[in-house]
Amino acid sequence: MKTRQVLVNLFQACNDGGSVSQLHSQLFKTGILNDSFFATKLNSLYSKFASLQAARKVFDETVHPSVHLWNSTLRSYCREKQWEETLRLFHLMLCTTEGAPDNFTIPIALKACAGLRMIESGRVIHGFAKKNDKIGSDLFVGSALVELYSKCGQMGEALKVFEEFPQPDTVLWTSMVTGYQQNNNPEEALTLFSQMVMMDSIVLDPVTLVSVVSACTQLSNVKAGSCVHGLVLRRGFDSDLPLVNSLLNLYAKTSCDKIAANLFSKMPEKDVISWSTMIACYANNEAANEALNLFNEMIKRRLEPNSVTVVSALQACAVSRNLEEGKKIHKIAARKHFELEFSVSTTLLDMYMKCSSPDEAVDLFQRLPKKDVVSWVALLSGYAQNGMAYKSMGVFRDMLSDGIQPDAVAVVKILAASSELGIFQQALCLHGYVVRSGFNSNVFVGASLIELYSKCGGLDDAVKLFKGMVLRDVVIWSSMIAAYGIHGRGGEALEIFDQMVKNSSFRPNNVTFLSILSACSHAGLVEEGLKIFDMMEHDYQLQPDSEHFGIMVDLLGRIGQLGKAMDIINRMPIPPGPHVWGALLGACRIHHNIKMGEVAAKNLFWLDPSHAGYYILLSNIYAVDGKWDNVAELRTLIKDRGLKKMLGRSMVEVRGEVHSFLAGDRFHPDYQKIYELLRKLEIQMGKEVYIPDLDFLLHDKEAVLLF
């Protein structure tokens, strides 16, 4: 008996594989290795500190394994997610005479079925459990059954199991709440949680609250999430890292970046998930510089980022067009060997394209061992973003030749790239492809077709397509409003908006208001635009984002109301993005406001330092006022940073053939005829008393900027 107690103490002292092996030798020497109690202990320690193979060897060498040893071995395989072997061993257990399954065995087998989504095998085990009252009434078995059915998408069966237990415990309640949340039914998850908290016998734990917070995130319900946050604080769970991370994710996903930042700063413990969530929060809420600063701080603290962290940081680089930081992060991804993972490689492609570095993007694309539809679409849309939409169509053809069939998202991107070309014949061909491929019933594809036709000059075709649609949701209505706006027909856009509000069951959303405000801006309908903006905020309780504010700045800037435009910027609840300051800078150039132009330019140089166009706009403002020293300083800055303005490219379709023209192009085969025609047009414009705006041109030869 004394020897047995000594061995038990030795088992408790083991903390690595070496000590377990030494103890194994002692058991062998004492001749009690066949003792099922010690074999089970040894099996468990090998699984924990050594290897699964060593644990299995102990099991195989035990002549008459007890149910405890069976359970220990099964649990080891299940912990390693070796579901097939778990079930194979379970079936072997059923075929032996020793060690019939008990209420600890069944949950392990059910977990393996859930991992493999083998609902039929799970139902067989469920039937076996119901034949034994002790097993069938066990709460852990009930929780395992709920998990099985919920992971297989059968919440009806999960609910039946749940209702069979008159007094479910915290684990069983949590299994149901989690099941609803993971099956995209967050409303039911919160309803069930409300019932759960009313039960006096139930003690809430952090695991339950993680699922509840996740449900609030799915619903974008900050109010409910804040209530749960209060409950977390009252129960003293605010040091539970997974739970605090879920709260951080809630605030990040609902654009509550200030609350998220405050929570992040107060966290006593942070892991890579915490850092990644906060970086993503900044990157997705127009605070790219803060995202990159946080990422760099993480690196300085020698915390290793994972692929999710890198993706968020690269997205921040793409938004801010920070190529230098993007290349540094690319090196980190390559060093950690996840550069070519789908999510990372696609984000890298997007970053390089948005930073106007298509060559780097193409080089990465060609090195990808496997290219999925997302990779192809990233390259395709990237070319369009860089003014090379004509190459996008070539990529689309190569993609089809490679056997990759686009999904609805890819088709939308393809149509968007084609709309940059403005080739009507191509629009017709793509429309035919959409119909043949069965995408014509997809509302997003339909909306993209409306945009494509409108950008190709086929507004009548866009209207015809719109009128022929049986189902018009908010996306379709918004696209039609935008189509009229592109053609400067603000009156018709307002009519369509009015029809949507009065005659359809759909409420305008942020995109709808963006479309109608843009239409008002293009048509110079200032008063109407101001009314629409007021309607958005007060009648529909929608929070304008940076793009809405940018259009309002542009709208006011067009009529010279720069003071009101600045007031709009100052009352923005979020940091103004480059397009907001860009709209103000463009208005300052038109209305010769140097002081305000400098304020706009200062912000732009910080937000988007690699965009040459902003430097050129400010230099033009200085040139009009004769501030040649400032012009020269900007010229030096542009040269030192190697910035280049993206050259304008236009295309025209003549008899089915596309002709491309580049600004200042002297290599076009017909450039002499083209410039001769331009000179004739210039003479004709002079005869018709056309007076171009030449105020922004530079007249001092020493200060001329050659772009």
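Predicted model: local features only at pLDDT ≥ 70, side-chain atom pairs only at ≥ 80, totals over all residues.
Me: Why is Ser255 called partly exposed?
Reply: Ser255 has 47% relative accessibility. Buried means under 20% and exposed over 50%, so Ser255, at 47%, counts as partly exposed.

Me: Where is Ser255 found, and what is its phi?
Reply: Ser255 is in the loop between α16 (241-253) and α17 (257-266). Its phi is near 60°, a positive value in a residue other than glycine.

Me: How do you know whether Glu286 is buried, exposed or partly exposed?
Reply: The relative accessibility of Glu286 is 33%. Because buried needs a value under 20% and exposed one over 50%, Glu286 counts as partly exposed. Glu286 belongs to the loop between α18 (272-284) and α19 (288-300), and its phi, near 55°, is positive in a residue other than glycine.

Me: What makes the largest cavity a cavity, and which residues line it?
Reply: A cavity is a set of points where a 1.4 Å probe fits but cannot get out. The largest cavity holds about 50 Å³ of space, and the count of cavities of 30 Å³ or more comes to one. Its lining consists of Asp238, Ser239, Asp240, Leu241, Val244, Met267, Pro268 and Glu269.

Me: How does that lining divide into nonpolar, polar and charged residues?
Reply: The lining has four nonpolar residues, one polar and three charged. Asp and Glu count as charged, so Asp238, Asp240 and Glu269 fall in the charged group.

Me: Which residues have the most contacts inside the largest nonpolar core?
Reply: They are Ile450, Met480 and Leu584, in a core of 215 residues. Leaving out residues up to four places away in sequence, Ile450 touches several residues, among them Phe466, Ile476 and Met480.

Terms used. Residues numbered from 1 in each chain as written. Heavy atoms only, no water. 1 Å grid on protein atoms, 1.4 Å probe; cavity = no way out; pocket = protein on both sides within 12 Å on 5 of 7 lines; lining within 4 Å. Points joined across faces, edges and corners; volume = space filled by probe spheres on them. Core = buried A, V, L, I, M, F, W, Y, C linked by side-chain atoms within 4.5 Å. Buried < 20%, exposed > 50% of the residue type's maximum accessible area, 1.4 Å probe, protein only. Contact = heavy atoms within 4.5 Å. Helix = DSSP H or I, 4+ residues; strand = E, 2+ residues; numbered from the N terminus.
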